[in-house]
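This report describes a protein chain together with its ligand.

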Amino acid sequence: MGEEAPRQGVAARDSFAVDALTGMSAARRGLYVHFPWCLAKCPYCDFAVAVQKRIPEARYTEGLLAELSLRLAARAAWADAPLDSVYLGGGTPSLWAPALVARFLEAVRARLPVRPDAEVTLEANPEVADAARLAGYRAAGVNRLSLGAQSFDVRTLRTLGRAHAPEDARTAVRAARQAGFDNVSVDLILGVQGQSLSSAVQDAEGAVALGPEHVSAYVLTVEREALGQETVFARRLRTGRLQLPEEAAVADMVEAVTDVLQAAGLGRYEVSNYARAGRHARHNALYWTGGDCLALGVGATGFFRTAMGGVRTTSHSSPVRWFADVEAGRLPEAEAEVLTDAEVFTERLMLGLRFTSGLDVEALAQEYGQPSRVQRLQRLEAQGLGSQGADGRFRLSRRGLLLHTDVCALLL
Ligand code: SF4
């Protein structure tokens with residue numbers, strides 16, 4: 001396995017601001033909207049998700065706009081600069097009627113400045129991504145589609161409890177192209193029970209065959225809890241009914257999948273993300289570079305910088321509580337966590353080092369008033385975990401990217 005191939009995902013061909021510490025173009029101000037409903041709950045899922053036969057989507061659309069007004073009243077600075085990105089995530093936002101998405105986006109544009117070339121992403125599940133729906137989203141102003149394909153192997157999909165067949169993802173990408181989407185991302189999951197190296201490689205090849213601009217390939221992590229309840233996978237793992245592949249086997253999958261994607265022109269720009277030149281996710285890059293994110297909806301988490309650090313807001317994860325608050329004119333906030341400069345530094349260090357373009361660790365330390373990390377970086381370099389570039393950025397090697405969490409622990 002060689003060192004990193006040219007970082008094809010890094011080149012910017014747009015006017016998004018470039019983050020000086022990582023060299024990545026990224027949204028600086030984004031809007032995240034959580035659509036919490038799904039047709040069924042996947043056994044590994046730890047997101048804020050609700051399963052309900054009749055989704056109150058019209059009521060939810062109005063609730064989101066009410067929350068927007070409340071958040072703008074609480075912090076007028078949100079309207080000071082235009083939004084660079086909007087991300088409709090979930091849950092399954094492709095269950096949200098296109099006409100309501102159009103109404104929502106139009107109302108946002110009426111209340112907040114939004115740059116004309118803003119990246120507007122919608123997450124879609126293959127089983128609810130038919131041609132009419134996708135055309136409706138495109139007409140509403142969505143210009144990037146993120147498709148939760150997860151795998152092209154029926155057994156892996158079954159283990160993950162997914163409701164779709166491999167063919168559904170192919171049909172959805174064709175429908176997206178017909179609808180005019182020229183920016184499509186495909187999600188894969190690695191490290192699933194029963195998944196072999198060859199099936200992981202076939203998944204990567206299956207994704208490449210769809211010609212996407214972007215691929216995310218995350219390693220399955222089994223969270224103990226979701227909304228105070230043990231996840232199904234956590235229970236199975238505890239009782240021995242779920243056996244995940246060994247760590248070394250998963251590392252081999254990551255390496256092999258990286259090779260397949262890079263050979264197809266999808267450069268690795270982040271630990272788990274790959275893109276054609278200039279097509280990396282600007283909204284996701286906002287999270288990894290410490291941008292401000294206004295968040296709306298059930299269980300949504302937002303962030304903004306302050307002179308002393310930052311504030312992370314989290315809304316109620318129960319739709320009942322969320323509706324009760326917004327409809328009574330109250331912010332549906334479960335928590336507003338105040339972060340110190342040191343805490344923001346820790347997050348930015350961990351996230352910035354995920355980029356293959358590297359991170360100017362010393363400049364980051366100075367910005368947040370933290371001690372120099374030069375000696376620790378030299379130790380990492382001596383261990384072959386990364387290298388310091390002439391541009392001042394420290395880049396993790398392939399091995400360093402695999403051991404990203406441990407490397408960060410050594411730096412903090
Ligand atoms: S579709 Fe996604 S958000 Fe919904 S339950 Fe499955 S993993 Fe969770």
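## Q150 and its backbone

In this predicted model, Q150 counts as buried because 25 C-beta neighbours lie inside 10 Å, where 20 or more are required. The residue belongs to strand β8, which comprises residues 144–150. Its phi is positive, at about 70°, although Q150 is not a glycine.

## The cis peptide and the ligand shell

G90 and G91 are joined by a cis peptide bond with an omega of about 20°. G91 is located in the loop that runs between β6 (83–90) and α2 (98–111).

Both glycines also belong to the surroundings of the ligand, which consist of C38, K41, C42, C45, F47, V49, G90, G91, T92 and N125. By residue class, this shell comprises five nonpolar, four polar and one charged.

## Helix α1

Helix α1 covers residues 57–74, and its 18 residues should span 26 Å at 1.5 Å a residue; the end C-alpha atoms are 25 Å apart, which agrees. Its buried residues are Y60, T61, G63, L64, E67, L68 and R71. These cover an arc of only 160° around the axis, which places them on the same side of α1. An α-helix has 3.6 residues a turn, so residues three or four places apart point the same way.

The cover over the buried residues of α1 includes β3 (29–35), α2, β15 (292–296) and α10 (319–327). On the face turned away from the buried side, α1 carries the exposed residues A58, R59 and A73.

## Helix α8

Helix α8 consists of 17 residues, 247–263, and reaches 24 Å from its first C-alpha to its last, close to the 24 Å expected at 1.5 Å a residue. V250, M253, V254, V257, T258, V260 and L261 are the buried residues of α8. Seen down the helix axis, they fall within an arc of 165°, so they line one face of α8. A248 and A263, on the other side of the helix, are exposed.

Both strands and helices contribute to the cover over the buried residues of α8: it includes the strands β9 (184–190), β10 (214–219), β13 (267–270) and β14 (273–275), together with the helices α6 (197–209) and α14 (398–402). Just after α8, G265 takes a positive phi of about 90°.

## D360 in its loop

D360 is found in the loop between α11 (341–352) and α12 (361–367). Leaving aside residues up to four places away in sequence, D360 touches L21, G392 and R393. Y287 is 73 residues from D360 in sequence, and their C-alpha atoms are 17 Å apart in space.

## The chain as a whole

The secondary structure of the protein chain comes to 15 helices and 20 strands. Its C-alpha atoms fill a box of roughly 60 × 50 × 45 Å along the principal axes. A compact globule of 412 residues would have a radius of gyration near 22 Å, and the 21 Å of the protein chain agrees with this.

Of the 412 residues, 46% count as buried. Among contacts in the protein chain with a separation of 6 or more, residues 24 or more positions apart account for 72%.

Technical notes: Residues are numbered from 1 along each chain as its sequence is written. This is a predicted model: local features need pLDDT of at least 70, side-chain atom pairs count only at pLDDT 80 or more; totals for chains, interfaces and linings use all residues. Helices (H or I, at least four residues) and strands (E, at least two) are DSSP runs, numbered from the N terminus. The expected span of a helix is 1.5 Å times one less than its number of residues. A residue is buried if 20 or more other C-beta atoms lie within 10 Å of its own, exposed if 12 or fewer, and partly exposed in between; C-beta atoms are placed from the backbone. The arc is that of the directions from the helix axis to the C-beta atoms. Two residues are in contact if their C-beta atoms, placed from the backbone, lie within 7 Å. A residue is near a molecule or strand if its C-beta atom, placed from the backbone, lies within 6 Å of it. Ala, Val, Leu, Ile, Met, Phe, Trp, Tyr, Cys and Pro count as nonpolar, Asp, Glu, Lys and Arg as charged, and the others, Gly among them, as polar. The radius of gyration is taken over C-alpha atoms; the globule rule is 2.2 Å times the number of residues to the power 0.38.
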